[in-house]
Amino acid sequence: MITLRDSMVLAVTKLRTRKVRTIITILLASMLFGLLITASMVTTGVFDSIDNIRKDGLTSQYIVTVSKARNDPLAVQKLLRDPVLVDEAKQRYTALVKKKTSEAERLGISYTQASDLPPYMQTSDDASTIRLNINDPNGIVYNLLAQKYGGQPAFNDAQLHSIADRYHATAFFYSQSYSVKQGSSLAVLPKDGEKFYNQTDSMSNISSQDSIIKSQFTISPSNITDYFMLPNDAGWQPSSGALPIILPKDTVEQLLGLPQLADMATTTEKLNYLNVLRDKAETLTFSACYRNSASLNSIQQTLQQQKEIAAHANDATYKKPPVIYGLPDPFACQSPFIKTDTRTITEKQADENQKQFDQEFGKNTTPISYFVKFKVVGLSPSTQEVKQSRSLNDVIDNLLATTGIEQAIPKNLYDQIPDKSRYNDILTYTPLYLFGSEDNKQRYVEFATASDASRFIDQQSCVTQYDNSCKPTGRLYQASLAFSNSVALDDIRSKATSIFQYSVVGAVVLAVIIMWITIGRTIVDGRRETAVFRAIGFKRGDVALVYVLYTISLSLLIAAVALLLGSVGSVIVNHIYAHELTTQARYGFGGLGTAKQITLIGMNSWQIGMVLFVCVTAGFLSMLPPLFRNVRRNPIRDMREG
Amino acid sequence: MDRSRNTKPIRTQEASSIEGEDILSVQNISKTYKLSGNKVTALNGVSLQIKRGEFVAIIGPSGSGKSTLLQLMGGLDKPTSGTIVVDGTRLESLSDRRLSRFRNQTVGFVFQFFYLQPFLNLSRNIEVAAMPSRMKKGERKKRIAQLAQRVGLADRLTHYPRELSGGQLQRAAIARALINNPHIIIADEPTGNLDSQNTQEVVDLFRQACRELNTTVVIATHDPMVASKADRTVILKDGALA
Ligand SMILES: Nc1ncnc2c1ncn2[C@@H]1O[C@H](COP(=O)(O)OP(=O)(O)OP(=O)(O)O)[C@@H](O)[C@H]1O
Ligand SMILES: [Mg+2]
């Protein structure tokens, strides 16, 4: 055997000849592998950065929202058609009508049963079947159901705990949903008062008008709200008389009257805008006007009356109503006032009696309106911002976006408010009492890992089908991942990894072809060389060693250059895109602040190791067959032919 | 056989008087090539003895089997039948590894087309033959310097084959053949591509090896001048001794 040193000398000397071919080989192959290394570094960098940024927010957590599964899609229908309940409702209605009739007689006012909706109605599918009317204005159905189900809790928390614990649940918490009292409205008064009254032609318009803030609130625990809080709770004080609230970015935008950002805006503009928004939000307090149904009604009637009087302005025979109302100052949150009252004493008495009658039977007749003060203490992402992923920017946005947080009141702050009764009208909850006394809790279970969360969802929950049944049947819960795209990120990451693996395979094929052509050719061309070595006494192993070392050196060179090119590539990509993506990510992170950067340089040593290994292996594979052929051949023949 | 012992009888006597025994014995060898079904008989029952230190020229028309005979004697190929004994070793019994060692240690080859490695400079081209024997570095240096001196290439050692003339290349090939102090030099038309001046120099180198190192030289040639310098001339015709 020749020495390793000697074979190395020969291999390296050989590498140094045919410089052009060697350099082209090295460049071609290393560009290919370098590209893979860049791809690995860039994707690893993006994922690691996104992961890292998400640690600043809710999206990094595996929180599952759980509610009770409705297994029987016909259960409500059956319940409302329950003949016993329907009978009972009929009896109560009859009794009520009787009582109302006699009371009306006593008070000398008119009352007919026709104006009083019964608590039951014909079903749409079959005229002979009667079912309860759940919207019964007299509350008969509601009281019936409350009696029947009020005593039994609709959700078994202990059971959820014990089941979720099997999946290593790490925390249980809940938020509570409330809404403004039924029939009432809560609205931020618009700047343009005239327009306000012009628009409110109909009852429905008044309560559902463009009110900027919504009439639903959740009181949420700090597990959820912490991430969205402005620094130092934006200076909110318990005694300030303002309700602390987290609002979506776009709502705050509207409240501040900021112009909407153009779609064309660059990410830097977007981020700057967001920073301005955050700064301004910190000092934002605002009031919303609460009006109960009586107040809304009277505005409606006043508008109606004004229209009517205006329509008869030139009609001499027209007799104006005895009471003429005036609209309140649009910015004052008041109810209409009496302008002129030409009623006789009898008329006044009759109106008083009607009022007494209404109150006796539960109809709200006193108009109530007042301002509720709010202080913005946090920002949540805009609701409409989750969009189709069309670009890398969108993907990043979506991965970072937190969904499902809208108007939230941080529970820890709410609990500090000394007099909560002032919010009785806007934070109301009324269970429906279908099958139990439902509470207003939205339950959350937090898991340590994505796989625990997924397993819990897969094994314990069902999915509502088009026919309202929940499949698979027999499952206790409906559950889904709340707020976050954690699983989506893991999913994309694993997809990216497998795409990467496929591209490695593709690159290997290409590289083997390149190396096959170059290295292989070198060795085929080396037939004469081999023959001469053999003729002067090299053993087969000696020749093989020289070429193996040659190939290894070449492959290592390729690997080294690939590593260099790959790193340079990702530095370049980073230089071009990192700033833009960081801005984008910060923007996509919504109201949440983060100082973290997106960098497109990440080391996945396993992937890079794999690329380098494949590179050396490809060189080796393309060398072996021609080498094997060469050393087996008769040297004489090759010397002749070469 | 005796016919060819016509030139330089003194040298022959010298050579045989020192050792006298056969270093190389070819016994009734035949070589048949199979070429796409056709059989070509290159050698047919050749027997030949060569003594240590003898300078033998093999001549004969083209295609007569000269190269084939030299290849068999040098262990580059195996005869179809017959036996070759070199230095007491029967070549057909050797494994590939032993045969490689034989080619490296016992024989020094010189070819018509030189067959230097194009990617190595002259120094390395000479050194390469010393690698399989694991000759020490210092020893190699010394021998390369000596041989370069002897073949007149001392100032050309760092040059690559493409930068040298045919005569220089052949002298380098001879230096390579000599580096392991082989017992036998086998040269196949070593002067076929050289002018008369270079031919003279190459032949002188062989004679010098014969004289100073008692190396046996077997040379195939078409050149009568070269043949005339040999101790003995063997004539091949149609694969048999004439
Ligand atoms: N590898 C081979 N395969 C097939 N036939 C061969 C091979 N080598 C030699 N021959 C044939 O064997 C015969 C002898 O060839 P050889 O090369 O030994 O002749 P030579 O005397 O050296 O000729 P020259 O003087 O032209 O070099 C020729 O007919 C040749 O065609
Ligand atoms: Mg020949």
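Asn232(A) sits in the loop of chain A that runs between helix H9 (222–225) and strand S7 (243–248). Helices here are DSSP runs of H or I with at least four residues, strands are DSSP runs of E with at least two, and both are numbered from the N terminus. Asn232(A) isn't a glycine, and yet its phi is positive, at about 60°.

Before going on, keep in mind that this is a predicted model, where local features need pLDDT of at least 70 and side-chain atom pairs count only at pLDDT 80 or more, while totals for chains, interfaces and linings use all residues. Residues are numbered from 1 along each chain as its sequence is written, chains are lettered from A and ligands numbered from 1 in the order in which they are written, and side-chain values use heavy atoms, with hydrogens and water left out.

Another loop of chain A is worth a look too. Pro472(A) lies between strand S15 (470–471) and strand S16 (477–481). The peptide bond joining Lys471(A) and Pro472(A) is cis, with omega at about -5°.

**Helices that pack together**

Two packed helices are described by the angle between their axes and the distance between the axes. The axes are lines fitted to C-alpha atoms, for helices over the stretch in contact, and the angles run from 0 to 180 degrees between N-to-C directions.

| Helix pair | Angle | Axis distance |
|---|---|---|
| H10(A) (residues 249–256) and H11(A) (residues 267–281) | about 70° | 10 Å apart |
| H4(A) (residues 83–107) and H5(A) (residues 140–149) | roughly 130° | within 10 Å |
| H5(B) (residues 137–151) and H6(B) (residues 166–178) | roughly 140° | within 9 Å |

To put words to angles: under 35 degrees is roughly parallel, over 145 roughly antiparallel, 65 to 115 roughly perpendicular, and the rest oblique. H10(A) and H11(A) are therefore roughly perpendicular to each other. H4(A) and H5(A), on the other hand, are oblique, and so are H5(B) and H6(B).

H10(A) passes H11(A) in a left-handed crossing, whereas H4(A) and H5(A) cross right-handed.

Which residues of H10(A) meet H11(A)? They are Lys249(A), Val252(A), Glu253(A) and Leu256(A), and their partners in H11(A) include Tyr273(A) and Leu277(A); contact means heavy atoms within 4.5 Å.

Over in chain B, Arg143(B), Leu147(B), Arg150(B) and Val151(B) of H5(B) meet Arg171(B), Ala175(B) and Leu178(B) of H6(B). That contact splits into four nonpolar, no polar and three charged residues.

**Where the chains meet**

Chain A brings 26 residues to the contact and chain B brings 24. Together they bury about 2,600 Å², with 60% of it on carbon and sulfur atoms. Buried area is the accessible area (1.4 Å probe) that two parts lose on being put together, summed over both. In chain A, Ile536(A), Lys539(A) and Ile636(A) lose the most area to chain B, together 22% of what that side buries.

How many salt bridges are there between chain A and chain B? The count is three, where a salt bridge is a side-chain nitrogen of Lys or Arg within 4 Å of a carboxyl oxygen of Asp or Glu. Asp96(B) forms a salt bridge with Arg534(A), and their closest N and O atoms are 2.9 Å apart.

Definitions and conventions. A crossing is left-handed if the near helix is turned anticlockwise from the far one by less than a right angle, and right-handed if clockwise. Ala, Val, Leu, Ile, Met, Phe, Trp, Tyr, Cys and Pro count as nonpolar, Asp, Glu, Lys and Arg as charged, and the others, Gly among them, as polar.
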